Amino acid sequence: MIDYALILSKNGISKTKFRINLINLFYSSNKSFSVDEILDYYSNSINKVTIYRALKDFEKKDLIHRVPDKNFIKKYAISKNKTCNSNYSNHSHFVCYSCNETFCLDYLKNPNFSSLKGFKVKKLNITLEGYCAKCTELS
Ligand SMILES: [Zn+2]
Ligand SMILES: [Zn+2]
């Protein structure tokens with residue numbers, strides 16, 4: 001079992017009941033969330049500002065990362081393999097046209113452009129679009 005409180009304290013993030021619950025949600029659901037989806041999940045019982053602050057802290061510590069969204073909504077997903085690379089532009093993402101879900105393709109590593117002469121690459125986004133396995137099955 002993962003000790004979510006420990007993950008937060010190790011990263012210097014304050015361990016409120018909500019934050020422990022939220023990081024648990026990211027870890028266990030394996031999907032991406034926007035602020036509105038998080039609000040929905042908690043049936044609007046959490047203040048929006050509280051959610052923004054938690055996401056910002058999680059992102060700063062690389063616990064979660066921003067993922068692309070079809071409608072350019074801010075969405076976040078859990079950062080896996082935190083130990084092997086702290087740069088989360090290292091994998092590709094897949095956006096489904098039908099369910100709007102964004103998937104982390106952790107096994108699809110992005111090419112390494114660190115040796116590009118004269119340019120310092122800070123961000124690299126590769127987004128694949130189409131239909132996810134579930135939506136392909138339904139159609
Ligand atoms: Zn889908
Ligand atoms: Zn990702």
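This is a predicted model: local features need pLDDT of at least 70, side-chain atom pairs count only at pLDDT 80 or more; totals for chains, interfaces and linings use all residues.
View 1. Asparagine 100 lies in the loop between β4 and β5, and its phi is near 65°, which is a positive value in a residue other than glycine.

**View 2. The open sheet with the strand order β5-β4-β6.** This sheet has 3 strands, and its pairing is mixed. Which strands stand at the edges? The edge strands are β5, residues 102-109, and β6, residues 127-130, each of which pairs on one side only. From one strand to the next, the twist averages 30°. Strand β4, residues 91-96, is joined to β5 by 5 bridges, and these two strands run antiparallel; within the pair, valine 95 of the one strand stands opposite threonine 102 in β5. Strands of a sheet pair through backbone hydrogen bonds, and the pairing can be either parallel or antiparallel.

**View 3. Phenylalanine 72 in the loop between β2 and β3.** Is phenylalanine 72 buried or exposed? Phenylalanine 72 is exposed, because 7 other C-beta atoms lie within 10 Å, and the limit for calling a residue exposed is 12 or fewer. The phi of phenylalanine 72 is positive, about 60°, although this residue is not a glycine.

**View 4. Helix α2 and its buried residues.** Helix α2 comprises residues 17-29, which makes 13 residues, and from its first C-alpha to its last it reaches 18 Å, close to the 18 Å expected at 1.5 Å a residue. The buried residues of α2 are Arg19, Leu22, Ile23 and Phe26. Because they cover an arc of only 95° around the axis, they lie on the same side of α2. An α-helix has 3.6 residues a turn, so residues three or four places apart point the same way. The buried residues of α2 pack against α1 (residues 4-10), α4, β2 and β3, whereas Lys17, Ser28 and Ser29 are exposed on the other side of the helix. Just after α2, asparagine 30 takes a positive phi of about 60°.

**View 5. Helix α4, with a buried face and an exposed side.** The 13 residues of α4 should span 18 Å at 1.5 Å a residue, and the end C-alpha atoms of the helix are 18 Å apart, which agrees. Which residues of α4 are buried? They are Ile51, Ala54, Leu55 and Phe58. Seen down the axis of α4, these buried residues fall within an arc of 100°, so they line one face of the helix. What covers the buried residues of α4 includes α2, α3 (residues 35-41), β2 and β3, while on the other side of the helix Val49, Lys56 and Lys60 are exposed. Just after α4, aspartate 62 takes a positive phi of about 60°.

**View 6. Lysine 56 in helix α4.** Lysine 56 has its place in α4, which comprises residues 48-60. Why does lysine 56 count as exposed? There are 11 other C-beta atoms within 10 Å of lysine 56, so it is exposed, given that the limit is 12 or fewer. The C-alpha atoms of lysine 56 and lysine 31 are separated by 18 Å, and the two residues are 25 residues apart along the chain.

Definitions and conventions
Residues are numbered from 1 along each chain as its sequence is written. Chains are lettered from A and ligands numbered from 1 in the order in which they are written. Helices (H or I, at least four residues) and strands (E, at least two) are DSSP runs, numbered from the N terminus. A residue is buried if 20 or more other C-beta atoms lie within 10 Å of its own, exposed if 12 or fewer, and partly exposed in between; C-beta atoms are placed from the backbone. Two strands pair if DSSP finds at least two bridges between them. Axes are lines fitted to C-alpha atoms, for helices over the stretch in contact, and angles run from 0 to 180 degrees between N-to-C directions. The expected span of a helix is 1.5 Å times one less than its number of residues. The arc is that of the directions from the helix axis to the C-beta atoms. Two residues are in contact if their C-beta atoms, placed from the backbone, lie within 7 Å.
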